[in-house]
Amino acid sequence: MYSKSYLILSSLVLFISLSQGSDRRTKYGCEGSTLDIECEEGTVINLVRANFGRFSISICNDGGNTTWSTNCIQPTTLRVLKKRCGSKQRCRIPVNSDLFGNPCPDTHKYVEVHYTCEPKVTPSTTIHAIPPWLLDLSATPAPRKQTTTTTQKPTTTTQTTTTTTTT
């Protein structure tokens, strides 16, 4: 029973690690420093998750301070990083509250970035980049000619004559 449970657990761990991809990378940058993110030639940065704040007391804490908040989250971090670094081969980011905002005053923060390096997508150079159904113009009815006609009503003139006779 023990070996069967171990086998199932091992298979599950292997499956999870394969499904997440072995290319996921994590980088940390301490507040006041500059973080460099880069991918190999022919690949670009694909940001997966990021936070400027603090989840761990041990990261970027050389002095051993234990009073800082470890529940410090800046929800806009990923959006800021995607704007500056998304789909680039390399990126340099100043790690500070001016860029990310200050989610927890009196706490020394760091940025934690999870990303992958994906193959650079180049624009298609094929002649048929337009979907085939759009190329087949017989599927679309020809535009109807709109004819505008103006008719004028003939004008009629009526003349009335009155004659009076006396006897």
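Tutor: Because the model is predicted, local features need pLDDT of at least 70 and side-chain atom pairs count only at pLDDT 80 or more, while totals for chains, interfaces and linings use all residues. Residues are numbered from 1 along each chain as its sequence is written, and side-chain values use heavy atoms, with hydrogens and water left out.

Student: Why is Asn61 called buried?

Tutor: Buried means under 20% relative accessible area, exposed over 50%, and partly exposed in between (1.4 Å probe, protein chains only). Asn61 has a relative accessible area of 11%, so Asn61 is buried.

Student: What makes the pair of Asn61 and Asn65 a polar contact?

Tutor: A polar contact is a pair of N or O atoms within 3.5 Å; within protein, one must be able to donate a hydrogen and the other to accept it, and residues adjacent in sequence count only if both atoms are side-chain atoms. Here the backbone oxygen of Asn65 lies 2.7 Å from a polar atom of the Asn61 side chain.

Student: How do you know that Thr116 is buried?

Tutor: Its relative accessibility is 10%, and therefore Thr116 counts as buried. The side chain of Thr116 also makes a polar contact of 2.8 Å with that of Glu118.

Student: What makes strand 3 and strand 5 a pair?

Tutor: Strands (E, at least two residues) are DSSP runs, numbered from the N terminus, and two strands pair if DSSP finds at least two bridges between them. Strand 3 and strand 5 have 10 bridges in the antiparallel sense, and Arg49 has His114 as its bridge partner in strand 5.

Notes:
Helix = DSSP H or I, 4+ residues; strand = E, 2+ residues; numbered from the N terminus.
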